[in-house]
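Let's take a walk through a protein model together. Have a look at the picture first, and then we'll go piece by piece.

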Amino acid sequence: MTLDASISPSQSAKPTARRRWRIAAWAPLIVLVLLCGLITLINPNFMTFGNMVRISQAAMIPLVLGLGATFIILMGSIDLSVEGGLTLSAVILSMLVLNGANSNAFGMFGILIVLLVGAGVGFANGVIHVRLKIPSFMVTLGMWFVGVGAANALLGGMAIRINDPMIRSLAIERFLGFPLGVWLALFCLLIALIIQNYTRLGRYIYALGGGEDLAALSGIPVGRVRILAFTLAGVFYAVGGVLAAAQLGLGNAQIGTGRLFTTVTAVVVGGTALSGGQGSVLQTLVGVLIVVVLSNGMVLMGVPPSVQIGVQGLMIIAAVALSIDRKRMRIVK
Amino acid sequence: MVNKLISGALGKPIKRRDILKGAGLIGMAGVFPAIITRPAFAADKPTVVNSIRSLSNPYHATWNKGGAAFAKSVGADYVTLVTEGNSEKGIADIKAILAKTGGNAVINVDPNDSPDARPIIDAAKAAGAYVVTQWNKPADLHPWDYDPNYVAHISFSGVPYGKAMAETLIKKMGGKGGIVALGGIESNVPAIERKKGLMEALAANPDVKLLDYQVANWSATEALEKTNAWLTQFGDQITGIWAANDDMALAAVEALRADGRAGKVPVTGIDGIQLAVEAIQKGELAGTVAWDPYWQGGMGLAIGYAAKTGVFDPAKEPKEHREFYGKGVIITDENANTYYAENIAAEPKMDWNDIWGRVTGQIQYD
Amino acid sequence: MNSIIDTIRTDGLRQWLPLATLILLVILVGAFQPAFLEVNTLLQLASDTAVLFILATGVTFVIMLGGIDLSIQSMASLSSVVVALTLSSLGYGAFVFAFALGALAGLLSGIAHVRLRIPSFIATLAMGGVLSSAALVISRERSITLGESERGYLGWITGTLFGIPNVVIIALIVLAIAHVLQSRTRFGRYSAAIGAGEPAAYASGVKVDRQKIIAFVLSASFAALAGIILVGRLASGSPTLASELLLPSIAAVVVGGTAITGGVGSIWRTLVGALIISVVRIGMTFLGVNIFAQNIVFGVVLVAAVAITIDRSKIPIVK
Amino acid sequence: MNMDSASPASAPSSTTAAPPALALVHVDKRFPGVHALKDVSIEIRPGEVVGLVGENGAGKSTLMKILSGVYQPDSGDIRLDGNKTRFVSASDAMSQGIGMVFQEQSLLTNLTVGENIYLGNEKQFTRFGIVDWRSLYAAASRQLAKVQIDADPKMRAEDLGFAARQMVELAKALTLEENAPGHLVILLDEPTSVLERAEIDILFARVRALRARASFIFVSHRLDEVLELSDRIYVMKDGAVVADLVAADANVTQLHHLMVGRSLQAEYYREPLQKPFRDEVVLELDNLSHEGAYREISFQLHAGEILGIAGVIGSGREELTRTLAGFAPHDGGKLIASGKEVKLRTPAEAVDIGVGYIPRERRVEGLVLFLPVAANITLGDLGTLTKHGLIDTREEKRLAQEWVQKLKIRTPGIQTLCLNLSGGNQQKVVLAKWLNAKARILILDHPTRGLDVGAKEEVYELIRAVTAEGVAVILTSDTLEETIGLSHTVLVMRDGVITHRVGAEPGQKPRQVDLIGHMV
């Protein structure tokens with residue numbers, strides 16, 4: 001069997017290549033710092049502890065979602081089911097814990113069930129994608145519709161208020177000034193880091209992104225890795241759902257609206273390549289912060305609502321243009 | 001029968017990968033029997049149709065309930081269409097229904113965007129169906145130009161109610177302080193009108209300052225983020241929050257709660273959804289306006305149905321019956337409990353024959 | 001050797017699978033609701049598909065190259081606003097103007113993607129933001145309804161020819177042009193080559209960057225055209241007019257069996273894909289599918305359709 | 001050729017008594033329409049290096065796939081240390097001690113060396129699902145020590161040279177001995193195809209040193225190397241083993257004869273067909289330089305001339321060819337094409353001045369694998385096919401068919417995806433592309449890499465034919481032998497400069513040893 005198909009012709013001066021990569025990996029962070037500096041100049045309120053807390057609140061959900069999406073994108077796949085998974089989880093949670101619509105009060109157990117639901121959604125993504133050989137783009141797009149649709153069907157269009165104190169505490173109770181939800185998000189980051197750096201799954205995900213056929217030759221169970229990765233992502237989306245429900249204090253079918261593109265943008269702005277194999281969850285953290293700080297900053301700087309989305313677009317182009325390692329990306333698609 | 005059909009039709013082209021396609025098709029086939037929820041359409045009675053933005057928000061969900069209740073009351077087939085915010089889809093679906101029922105239909109539509117009304121009316125007239133529109137339509141499109149098919153247009157002037165809420169808010173604030181305002185989708189007529197009302201109220205109260213107006217597109221999530229940013233930017237300067245609908249208002253309340261200020265800073269919404277009324281009872285929300293979507297969903301159909309079945313002849317009705325403002329109910333802590341008991345705890349009782357009961361004057365276009 | 005034979009033998013069948021799927025779906029719906037099969041209904045379906053198809057056609061060019069264009073819906077909305085605003089002053093010129101604007105926007109995102117080497121996903125997502133902002137600002141954030149006189153300019157969109165709606169005819173012309181572009185011109189061939197193997201195309205002297213820019217220009221221009229058609233159908237322009245059309249368009253391309261990774265695909269497939277999507281949407285209304293089940297059904301049918309339509313023999317690794 | 005006098009005398013006698021480490025007994029394998037393996041029996045004794053040669057399609061790769069568990073035989077059995085067994089999958093074969101070393105591409109360049117070595121094998125370092133990287137990297141450096149390269153296991157694979165990557169491959173294969181029950185058998189599949197001579201010597205030395213640990217099956221198209229490294233050689237033809245020779249008693253001509261059924265003539269490189277080139281200068285380099293790659297390169301390329309460039313990796317010849325192909329513009333000196341000074345910023349600009357590049361990475365840069373033969377042939381010159389903006393598809397078909405016949409490209413049809421063609425025919429398609437584009441300068445970058453003897457001969461014939469028609473050729477080749485055999489003129493490069501230039505007219509070809517002196 002010939003393997004030429006996946007060769008990398010480059011063999012130019014190595015050390016420089018490596019150094020460039022180091023810089024590139026840090027570039028998003030530099031962008032973030034510049035951004036914060038700029039905003040502070042215009043509105044000093046930005047650099048207050050209070051605002052840091054609010055940014056963390058705004059960032060916790062995108063971060064958790066981004067963690068899940070990172071693993072998928074590292075494989076060179078894409079996951080559009082973010083909103084589906086999140087919405088379904090949030091709605092089911094609102095129905096299981098102490099709420100204003102029914103007499104359930106499963107509390108912690110309810111959260112467990114929701115995480116299982118998320119895993120199930122991700123697992124379904126993975127299995128259909130791998131077994132039926134359908135591009136992840138399409139499978140997860142379908143799952144998006146299914147997830148939101150199911151959530152809608154469960155609610156019959158209504159919204160359910162969540163009264164469970166434990167859930168609400170995620171948004172209200174604080175530790176060291178930060179809401180518990182933020183700490184939960186950080187805990188998820190830790191888990192993601194461990195999975196990425198210290199488990200075979202994490203390594204195999206990189207391997208798939210680097211060259212799936214070669215990975216298979218090394219005896220890696222490619223299909224299983226993919227399914228596991230999607231399942232894992234599903235769980236993260238479920239956590240995102242829990243946080244969203246906690247933040248809004250209710251579950252409704254619109255709770256996920258608009259979160260997909262924020263998530264993927266954050267991951268890519270962080271410097272993870274859509275082509276797979278390059279990136280990390282830490283870079284996603286930076287990417288999320290860039291996106292969140294940007295939208296928070298535009299309000300602080302008094303950018304008129306109708307041009308905010310445009311400004312955001314330009315800023316993101318700038319951020320990515322600054323931080324992309326062009327040497328490494330021979331082909332940009 | 002479905003399964004046979006499939007295997008028959010696809011049996012030939014599929015030589016290889018049968019399993020795979022089989023799996024896919026079973027997916028489809030399996031679904032079909034499950035989803036044919038309604039019996040064949042009753043030939044004589046007109047089909048009654050509600051076309052609304054989506055069923056994922058309480059407001060339109062209640063609207064849908066009202067429609068179903070009316071359909072039940074006259075024993076007609078009931079169909080719900082959702083635009084999902086997509087004008088083309090909304091119109092296409094309505095045309096599909098017209099084609100399916102051969103025009104024997106009564107349609108009560110909340111157009112996704114004002115201009116959609118025109119093609120909808122054109123299609124309905126061509127098919128001979130009867131239409132009632134609500135909220136959105138172009139100013140120069142009038143029911144009396146399309147007798148008898150375009151029965152009526154119902155709206156609720158956003159201006160007075162937007163103003164009323166602003167006044168409720170200002171009263172709670174003690175006549176002075178700083179307000180931040182959350183607006184709806186910028187191109188929507190109600191959003192524009194409600195904002196206008198807010199501005200009028202502010203003009204009348206010089207001591208109250210509008211700190212900032214941001215668009216949150218009717219969305220709770222966006223409202224939450226905007227409010228969070230405001231709490232940084234203005235901190236304690238904010239003594240009141242005005243929101244163009246309840247979803248955004250409730251999100252603002254949550255943002256305040258996370259800041260430990262829920263209930264301390266008065267917030268107002270509009271639409272009168274259940275959670276909002278509950279929030280008023282809890283004292284977290286200062287007020288809202290109930291359009292009574294249950295009434296909108298049912299009565300829109302009732303008016304059209306009456307015209308269709310010859311109870312009245314649209315052409316003979318006065319203009320204030322063809323383009324009229326409905327009545328909104330202002331809910332504050334004073335009447336929240338009673339409203340909850342009558343309209344939410346219990347299935348609202350409606351007299352579907354009292355079709356002009358809530359007419360509050362002809363719509364004025366400036 | 002044997003594998004070669006297989007490819008040839010089965011290619012003949014495979015390329016018909018998308019069409020077979022479409023016909024199957026039409027039959028399915030028709031079996032339950034014969035009214036669906038009436039000529040007028042089908043014509044209606046066709047005209048309702050036109051805009052989706054035109055948008056999808058544009059983005060097909062980009063997807064063939066292995067890129068993606070997430071700005072088409074914003075472009076369509078913007079062009080609708082531009083037409084609505086300028087129709088009274090420019091007359092038919094308004095359409096040309098909007099179209100040119102589309103080409104310009106495409107050029108910009110193309111350059112951003114190629115010169116700054118930003119992934120098309122991000123470049124076009126951002127460009128989409130810029131375009132919607134532009135639309136919101138110039139429309140002063142509200143939808144613009146056309147007056148009687150302005151509607152006079154829309155006859156070429158709203159009218160019919162020998163009982164066939166003009167939009168359908170327009171869509172067919174677009175189909176013809178796009179098909180020729182894609183299958184008979186150097187651009188089309190180069191796109192396929194770049195999508196299937198960019199390094200080889202580059203080494204063969206193909207001006208890759210130029211082809212990519214052309215693709216984005218086409219995509220945005222077609223989006224602008226779609227916006228123009230929307231103005232005709234809705235007699236109005238609005239900054240949010242097309243905002244829900246992005247995913248259906250991309251879905252149409254993929255459902256037709258074009259590989260999202262590029263290289264494999266055709267305009268025909270996109271046409272079939274767009275029709276499949278309409279048939280499923282409208283079909284559900286016809287069948288009276290429970291409104292709460294519709295999204296679920298839609299999702300499932302999409303995936304099932306792709307399972308049948310994509311040609312895995314030409315996709316090295318399914319990602 | 002036989003540079004390395006110290007090639008093994010014969011199979012080590014000590015092992016002959018023991019049962020073979022691995023044996024195939026009467027193995028038969030059919031695919032629809034093809035009888036791939038006909039009753040094949042081979043055996044590899046412990047510590048033995050067995051060569052496996054044969055033309056493409058002779059059944060080598062099927063055999064390899066059966067040994068590595070990718071295919072299962074229809075009949076016959078596999079024996080490990082005398083015991084019957086079966087390999088149900090690649091990983092199963094590995095777990096039973098069958099290692100594989102492919103061309104350097106099978107390392108994942110975005111992972112570190114250590115990660116690559118234990119990829120798919122991390123279990124031993126995993127406690128409660130957590131991988132202990134310290135111990136993994138420690139183990140990795142032990143593996144690297146076995147093959148005696150001091151690469152840092154934490155370094156990314158893409159930062160290694162080809163030779164080093166090859167050693168890492170070897171090290172990776174050797175990790176099997178830790179958990180494989182019996183004796184280790186390592187399949188070396190074309191391991192030298194991308195290596196320079198000096199690197200090959202290192203590789204061979206390592207392999208010999210490792211015979212204590214493992215037996216090897218060495219598959220290569222380079223017969224001289226097979227002879228040099230192997231103890232015994234199996235020759236395959238049409239799915240059957242036609243000979244089992246002791247390497248010491250065999251020679252290239254004999255092997256070639258057994259493989260292709262006719263003997264290797266002196267005119268292997270078609271030297272008699274080598275016509276003197278013309279006076280017309282098509283390309284002139286005047287002190288051409290590229291920072292950190294090559295400098296002050298000057299020569300004239302004449303119509304009909306084949307100019308071979310010899311040199312090891314780092315000599316700058318690779319970069320020079322990339323420059324002339326338009327991938328890396330020069331930053332010093334002059335490049336003059338038919339009288340005009342030019343700078344080639346992109347391959348497109350190179351094509352414009354009549355350059356055709358036949359890259360070493362045929363399947364990446366040479367062909368669009370997922371496009372049909374016809375589309376690939378015309379890809380270089382759609383311009384002339386285009387009338388009023390439209391491609392004349394009828395004319396395209398005609399051209400494609402014409403080239404397929406002219407170059408004897410074996411393909412079911414011009415609409416077949418290039419993916420499905422053999423290496424030799426793929427290479428011919430690339431050639432056809434440039435001939436169709438009327439290229440006047442062909443840059444052949446390792447043109448016969450991975451081709452079998454038969455295919456090579458056809459390519460040589462084609463090269464002769466086109467030069468006879470006045471096309472100029474710049475050749476960088478895998479073997480010195482090929483460079484000398486084909487070229488009119490040979491340049492030797494070292495450390496970025498030309499150290500030697502010599503004419504190579506038929507009859508007065510330079511000797512390899514002379515050139516090597518200037519290379520290292």
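Predicted model: local features only at pLDDT ≥ 70, side-chain atom pairs only at ≥ 80, totals over all residues.

## A stretch of chain B

## Where chain B meets chain C

Now for the contact between two chains. Chain B puts in 47 residues, and chain C puts in 51 residues. On the side of chain B that touches chain C, the elements giving two or more residues include helix H1 (2-11), helix H2 (18-35) and strand E2 (78-82) of chain B. Helix H4 (87-101) of chain B is also on that list, and H4(B) gives the most, with 10 residues.

What kinds of residues are these? Sorted by class, chain B's side has 24 nonpolar, nine polar and 14 charged residues.

## A sheet in chain D

Over in chain D, six strands form an open sheet in the order E6-E9-E10-E3-E11-E12, with mixed pairing. Strand E6 (98-101) and strand E12 (240-246) of chain D are the edges, each pairing on one side only. On average, neighbouring strands are turned by 20 degrees against each other, direction ignored.

Zoom in on one pair: strands E9 (184-189) and E10 (214-219) of chain D run parallel and are joined by six bridges. Here Ile186(D) sits opposite Phe216(D) in E10(D). Elsewhere, helix H9 (252-260) of chain D lies across strands E3, E11 and E12 of chain D, at about 30 degrees to E11(D).

Conventions
Residues numbered from 1 in each chain as written. Chains lettered and ligands numbered in written order. Contact = placed C-beta atoms within 7 Å. Helix = DSSP H or I, 4+ residues; strand = E, 2+ residues; numbered from the N terminus. Nonpolar A, V, L, I, M, F, W, Y, C, P; charged D, E, K, R; others polar. Pairing = 2+ DSSP bridges. Axes fitted to C-alpha atoms, helices over the stretch in contact; angles between N-to-C directions.
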